[in-house]
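Welcome, and please open the model in your viewer. This tour goes from stop to stop, telling you what to select next and what is there.

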Amino acid sequence: MHLHLEAIPEAFPIAGRFVISRGSKTEAHVIRVVLRRGVHSGQGECVPYGRYGETIQSVLDQIEAARQFIESGGDLDGLQHAMSPGAARNAIDCALWDLTAKSTGVPTFQTAKIPTPRNVVTAYTLSLGTPEEMGAAARAAAHRPLLKIKVGGEGDLERLAAVRKGAPDSAIVVDANEGWTDSNIETNMAAAAALGVVLIEQPLPVGKDEILSRIEHPVSICADESVHQSLDLATLADRYDAVNIKLDKSGGLTEALEMQRVANRLGLDVMIGCMVGTSLAMAPAIVLAQTAKYVDLDGPLLLAKDREPGLRYEGSTLFPPRPELWG
């Protein structure tokens, strides 16, 4: 039966402003892909990311280039060879998983050998700001068990101290977004360790992280921008202790599941992360979150308005998606 593909760009307002070391934004720009076959439809969402050279238009162009392959019956296995990792493949891959679940009646969690999905606890992100701003944000979020704080520049030690003071009982993940250097990383890591930080994400720029293989890691170091697909992992194992798997980097759930298997085999801890997107973007990642050490799927919590129906959050507890959303 004929398969029809539709790609829809959408924008969702962010609550306040989302700030990292590379800049800020007030809207989440996403692309929703809908695949229809007969009476059944499946959907997926991606977030084009400028750091990887993606724009809304470039991703729409990639999706359009894949139209003939998909509408002529392209499947998940073929998709991995027909498209490169990235946002475009992610939206199509997740829509294919959803369409399969809708048309067969077999939930995606079951297909992925997770018969009874559980609730997970997600990190909650605090944007980069002055120490005073971040301390105030930490006080407001001190009830959350896991905070992820954006740093990446001068004043990071003061930011860390302010967040720890504001949220004395929360576990803290620090995300430097490539903003540290060889000259300050050991000092910053020591300060983070003294404050009880549990994980540091991508402290150094991609390709400039060799020092990580030669220095002590008083806090576990997680690769983010340095890793996109399973083939990247073996070359990183001597520098990193963990890997952040994001569907928009891996190009969908299919490759992300393989990344998780390879990371486990290499002894790397796994964080399941996200871009700033809606519940539709988070839902497939909850499959991976079932066995991940760290979960960072708070995208909808950062939005002023999510899509309906959305995921259910109670504080930082995230519930598996309802079938009408995804899977």
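Start by selecting T125, which stands opposite K148 in strand β6. Strands here (E, at least two residues) and helices (H or I, at least four) are DSSP runs, numbered from the N terminus. You are looking at a predicted model, in which local features need pLDDT of at least 70, side-chain atom pairs count only at pLDDT 80 or more, and totals for chains, interfaces and linings use all residues. Residues are numbered from 1 along each chain as its sequence is written, and side-chain values use heavy atoms, with hydrogens and water left out.

Two strands pair if DSSP finds at least two bridges between them. Strands of a sheet pair through backbone hydrogen bonds, either parallel or antiparallel.

Contact means heavy atoms within 4.5 Å.

Next, go to β11 (residues 269–272), which is joined to β12 by two bridges and runs parallel to it. Click M271 and you will find its bridge partner in β12, Y294. On to β10 (residues 242–245), where four bridges make a parallel pairing with β11; one place to look is A242, whose bridge partner in β11 is D269.

**Inside β6**

Which way do the side chains of β6 point? L146, K148 and K150 point one way, while L147 and I149 point the other way, and all are buried. In a regular strand the side chains alternate between the two faces of the sheet. Buried means under 20% relative accessible area, exposed over 50%, and partly exposed in between (1.4 Å probe, protein chains only). Five of the five residues of β6 are buried, so the strand is largely enclosed by the rest of the structure.

**The nonpolar cores**

Select I149, V174, I200, L297 and W326 next: of the 78 residues in the largest nonpolar core, these touch the most other members. Such a core is a set of buried Ala, Val, Leu, Ile, Met, Phe, Trp, Tyr and Cys residues joined through side-chain atoms within 4.5 Å. Helix α10 (residues 253–266) gives the most to this core, with six residues. Centre the view on I200, which touches V174, W180, M189, A192, V219, S220, I221 and C222, not counting residues up to four places away in sequence. A second, separate core has 20 residues, including L35, V59, A88 and A91.

**The three-stranded sheet**

Show β4, β14 and β13, an open antiparallel sheet with the order β4-β14-β13. Its edge strands, β4 (120–121) and β13 (313–314), each pair on one side only. Two bridges pair β4 with β14 (residues 317–318), and V120 stands opposite L318 in β14.

**Charges over rings**

Select R312 and F319: R312 lies over the face of F319, at 3.7 Å from the ring centre. A charge sits over a ring if NZ of Lys or CZ of Arg is within 6 Å of the ring centre and within 35 degrees of the ring normal. Another example is R144 over the face of Y124, at 4.2 Å from the ring centre.

**Backbone stops**

In the loop between β12 and β13, look for P309. The peptide bond from E308 to P309 is cis, with omega near -5°.

Is Q202 buried or exposed? Q202 is buried, with a relative accessible area of 0%; this residue lies in the loop between β8 and β9 (220–223) and has a positive phi of about 35°, although it is not a glycine. K113, in the loop between α5 (108–111) and β4, has phi near 65°, a positive value in a residue other than glycine. At 72% relative accessibility, K113 counts as exposed.
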